[in-house]
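Colleague: I would like to know what stands behind the labels used for this model. Please take me through a few of them.

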Amino acid sequence: MAEGITEQVNREKGARTGIIYAGEDWATRGDWCGHYGQDSALLCAVNAPHSIEIHSTNYPDWYSSETIWKDEKIYQVDIKGYMGLHTRKNDYLRAWCHWFNKPDNRNVLYCPETGTRTEAEWDDHGEVYEPSFDGPDIWVVTDIPEGLHEVALYFYNPNGREQNAGYRDYLVETRTWKPSYPDHLNFLIWANKKEYQQNRDRLYSLFFNNQENRKNEIFNQQKKPVAARTRVKDFSGNGVYKRFLVKGPVSCSFTIKRNSSFNTIVNGIFVTRMDGKYGTFPVLAPDDPYIPSLTGIAIGNNLPMDILSQWSKGALTYLPSPQSYDYAEKRKLQAFRAMKQYLDEHPENESAKKLSRVWQFRLALWDQEKRHAFDDACKRSWAYLQRKNVIYRSKEWRPHSPNVLPLGKDELSIMESLNINWKDYLPDSPKQPEKTWEELKQLLKEYHQNTPNNHASPFDS
C-alpha cells in the first residue's frame, strides 16, 4: 500500500535532526533534581578543578556482543567544556568555586553527591581581557544520541551587582552536526564495536588522533550558520535555565559569548531524554515520594477524558518548530488549569488529584509546599547514601557535607565492623555514645594495628 501524505509527513518529521530554543525557567533555581538532567547532569567545577557528572539513564551494554548495534558515532550523552578559540597564549578554561557550601541560597545548584549547595562554575577568564576583546567565550559541546532530548544550561551570577563583576550579559549560539569524530565516551564504544580494543597500541593512537580531529571539527562548525540563539542577562538575583530541544543523533555546540561582559560563566548542563525509551536511575533516593508517579492511575479511574486529550496534544515525539513547541506547552498548561478547576468541583477524585500533582511537577510550577518537599527529599537522599556507603560519613571525603565525622574512611569502616553507631557521635545526636571521642580513637587505632590485612575498604558497609 502506498504511503499516505500524513504518514510521509510524520516520518519526515521524526527523521529530522536539529535544535530549537525552548524558553527559560526562572522558577526552579538550584532545585533541579527530578526536573532536569534525567539523562545526564554536569555540575561545573563543584569538585574543583573537576566537575561532578551524574549519569542516570540505564543504557544497553554497548560493549556486549549481544547488543544490537547501528553504525552510528553517538550512543549516549557526553558533555565537554572548551575555551573559545580567540584567547591569549596558554590561557585555559577555569574551574572556579565561589562558595563551598551555601545551604541558604536556593539559587546555588544542589549536589546529591555531597548533600550541599556548592556555588561553582566554568569561567573563561574574561576578567583579564579588555571589554572590547572578542572572546574568550565558553563552548559547551554535547553528543546527543538518537531521539528527542532537552538540554538546559544553568546560569547564576553569585557576585550580584558588585562593580564590574555584576555586569554579565551573554549571547548563546547553538549549532548541530553529524560528527565524524565523537567525543571520549562514544569513541570508546565505537572503537570496541570495531574491535580496536584488541590492539591497545592501535587504540591509543586512534584515541589521540580522534581527540585532535574532534577539536578541529568543533572549531570548523563555528563557521556555520547559527541554528538557535538566546540572551542571558539579569541573572544575579535569580538563576535561570536556558532550555533547548535537540533531536539526535547529533553533536551540538553552545557558544556562550562574553559580549563585553566581565567574564563568561556557566554553572551546570543538564540533558533529559524526552521519549522515555530507556529506564533511569534515581538522582535522589530510590522510590522517594518527592517525584510523583503515574503508578496506579488508569484511564478508567473516572478521569475527565476531555482534559486528558488536551494534555496529550502537548506530547512531542519529533523536533517541532518553535511555534509548535510554544503551542504544545500552552496546551499542557491549559490542561493543568482545567484539571485544577475539575478538582474544585470533584474533590473526592483521588486519581485526578494524583495526576494533577504529576502535571504540576512536570510543568515545574513551584509553591512553598513543594520547596519544603524538595528540601526534605534532599535530606532523605543524603541519609540514604550515608547508610549505603561509609565514605559519605567521612569529613575527609566530604568536608563540607552535613552530618559527617572527622574520621577517615578506614576508621569508619572499622566502626561499622564493630557495630558502633557512628550517628551517636554527631554533634546533635540525642544519644550519649558509650565511649568518648578519645576512647573511640584509641580503640580504632589499636584495632587497626592489631588486625592483619586491615586495609578496610571504604566501600564496605
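Modeller: Ala95 stands opposite Trp122 in S8. Bear in mind that the model is predicted.

Colleague: What makes S5 and S8 a pair of strands?

Modeller: Two strands pair if at least two bridges are found between them.

Colleague: Which strand pairs with S8 over two bridges?

Modeller: Strand S13, residues 265-266, pairs with S8 over two bridges, again in the antiparallel sense. The requirement is at least two bridges, so this counts as a pair. Within S13, Val266 is the bridge partner of Trp122.

Colleague: Why is strand S8 called largely enclosed?

Modeller: A residue is called buried when its relative accessible area is under 20%. In S8, residues 119-123, five of the five residues are buried, so the rest of the structure largely encloses the strand.

Colleague: Which residues of S8 point one way, and which the other?

Modeller: Glu119, Glu121 and Asp123 point one way, while Ala120 and Trp122 point the other way. All of these residues are buried.

Colleague: Turning to the helices, why are H5 and H6 called roughly antiparallel?

Modeller: The label applies to angles over 145 degrees. Helix H5, residues 322-345, and helix H6, residues 350-362, pack at about 150 degrees, and they are therefore roughly antiparallel. Their axes are 10 Å apart, and the crossing is left-handed.

Colleague: Which residues meet there?

Modeller: From H5 they are Ala335, Phe336, Met339, Lys340, Tyr342 and Leu343; from H6, Ala352, Lys353, Leu355, Ser356, Trp359 and Gln360. The residues of this contact of H5 with H6 comprise eight nonpolar, two polar and two charged.

Colleague: How do you know that H4 and H5 are roughly antiparallel?

Modeller: Helix H4, residues 305-312, and H5 cross at roughly 160 degrees, with axes that come within 7 Å. Angles over 145 degrees count as roughly antiparallel, and H4 and H5 therefore get that label. Their crossing is left-handed.

Colleague: What makes up the contact between H4 and H5?

Modeller: H4 contributes Ile307, Gln310 and Trp311, and H5 contributes Arg331, Lys332, Gln334, Ala335, Ala338, Met339 and Tyr342. By class, the residues of the contact of H4 with H5 are six nonpolar, two polar and two charged.

Methods
Residues are numbered from 1 along each chain as its sequence is written. This is a predicted model: local features need pLDDT of at least 70, side-chain atom pairs count only at pLDDT 80 or more; totals for chains, interfaces and linings use all residues. Side-chain values use heavy atoms; hydrogens and water are left out. Axes are lines fitted to C-alpha atoms, for helices over the stretch in contact, and angles run from 0 to 180 degrees between N-to-C directions. Helices (H or I, at least four residues) and strands (E, at least two) are DSSP runs, numbered from the N terminus. Angles under 35 degrees count as roughly parallel, over 145 as roughly antiparallel, 65 to 115 as roughly perpendicular and the rest as oblique. A crossing is left-handed if the near helix is turned anticlockwise from the far one by less than a right angle, and right-handed if clockwise. Contact means heavy atoms within 4.5 Å. Ala, Val, Leu, Ile, Met, Phe, Trp, Tyr, Cys and Pro count as nonpolar, Asp, Glu, Lys and Arg as charged, and the others, Gly among them, as polar. Buried means under 20% relative accessible area, exposed over 50%, partly exposed in between (1.4 Å probe, protein chains only).
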